[in-house]
Amino acid sequence: MSIGPATISHAPGSDIALRTREIIAPYLALEGPAMPMLHAIQAAYGFVPSQSVPVVAEALNLSRAEVHGLVSFYHDFRNEPAGRTVLKLCRAEACQSRGADRMAAHASERLGITWHQTTPDGAVTLEPVFCIGLCAAAPCGMVNNVSVARLDVGRLDAILESVR
Ligand code: FES
């Protein structure tokens with residue numbers, strides 16, 4: 001009996017599961033491989049797809065809940081795609097003392113979203129970050145991993161204009 005196309009699984013996510021197995025394979029021999037695996041998956045997809053979670057769980061003999069817990073606990077991981085621009089605003093002490101709250105409130109109001117959300121047009125994801133080593137030039141942030149320092153409302157507005 002031949003196996004025709006109708007018998008081949010096209011279940012959503014099966015490609016992601018296969019690809020996830022390839023992505024995590026180099027990390028299987030590591031001690032403590034869960035985080036490197038999840039970082040590698042996120043590097044490949046821009047987020048950790050839900051279909052990857054059971055693959056990682058099976059590979060590491062963990063429960064799906066444990067892997068899901070890692071993804072949701074560490075803010076570096078996303079469980080859905082980010083916007084075209086990821087704007088991170090520093091929330092740590094030096095930036096707090098130099099107006100970080102005002103920057104965050106302004107960005108949130110301008111974008112109509114709060115932390116870890118993406119604008120409905122997919123343009124911007126707003127995320128907190130905790131010290132990027134530019135405390136002397138606070139308040140700071142990052143635009144797609146490029147540092148921006150000495151933020152004020154005017155600079156922030158210019159950034160937001162340029163990415164929408
Ligand atoms: S506290 Fe914001 S860069 Fe250090």
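Reader: Before I go on, what kind of model am I looking at?
Author: Residues are numbered from 1 along each chain as its sequence is written, and side-chain values use heavy atoms, leaving out hydrogens and water. Local features need pLDDT of at least 70 and side-chain atom pairs count only at pLDDT 80 or more, while totals for chains, interfaces and linings use all residues, since this is a predicted model.

Reader: How wide an arc do the buried residues of H1 cover?
Author: In H1, which spans residues 14-24, the buried residues are Ala17, Thr20, Ile23 and Ile24. They sit on the same side of H1, because their arc, taken from the directions from the helix axis to the C-beta atoms, is only 120°.

Reader: Which residues does leucine 38 contact, beyond its sequence neighbours?
Author: Leu38 is among the residues that touch the most other members of the largest nonpolar core, which has 17 residues. Such a core is a set of buried Ala, Val, Leu, Ile, Met, Phe, Trp, Tyr and Cys residues joined through side-chain atoms within 4.5 Å. H1, H2, H3 and helix H4 (64-73) each supply at least two residues of this core. With contact meaning heavy atoms within 4.5 Å, and neighbours within four places in sequence left aside, the partners of leucine 38 are Val48, Val56, Val67, Leu70, Val71 and Phe77.

Reader: Is phenylalanine 47 buried or exposed?
Author: Phenylalanine 47 sits in the loop between H2 and H3. Neighbours within four places aside, its contacts are Ile41, Gln42, Arg78, Asn79, Glu80 and Pro81. Because its relative accessible area is 17%, phenylalanine 47 is buried.

Reader: Which residues lie closest to the centre of the largest pocket?
Author: A pocket is an open set of points on a 1 Å grid over the protein atoms alone, where a 1.4 Å probe fits with protein on both sides within 12 Å along at least five of seven lines; lining residues have an atom within 4 Å of a point. The volume, the space filled by probe spheres set on points joined across faces, edges and corners, is about 220 Å³. H4 and strand S3 (124-129) each supply at least two residues of the lining. Of the 14 lining residues, the closest to the centre are Phe77, Arg78, Asn79, His116 and Glu127.

Reader: Which strands and helix do the buried residues of H7 pack against?
Author: In H7 (153-162), Leu156, Asp157, Ile159 and Leu160 are buried. They fall within an arc of 160° seen down the axis, so they line one face of the helix. Their packing partners are strand S1 (85-90), helix H6 (100-111), strand S4 (141-143) and strand S5 (146-148).

Reader: How many disulfides are there?
Author: A disulfide is counted when a pair of cysteine sulfur atoms lies within 2.5 Å. By this rule the count is zero.

Methods
Buried means under 20% relative accessible area, exposed over 50%, partly exposed in between (1.4 Å probe, protein chains only). Helices (H or I, at least four residues) and strands (E, at least two) are DSSP runs, numbered from the N terminus.
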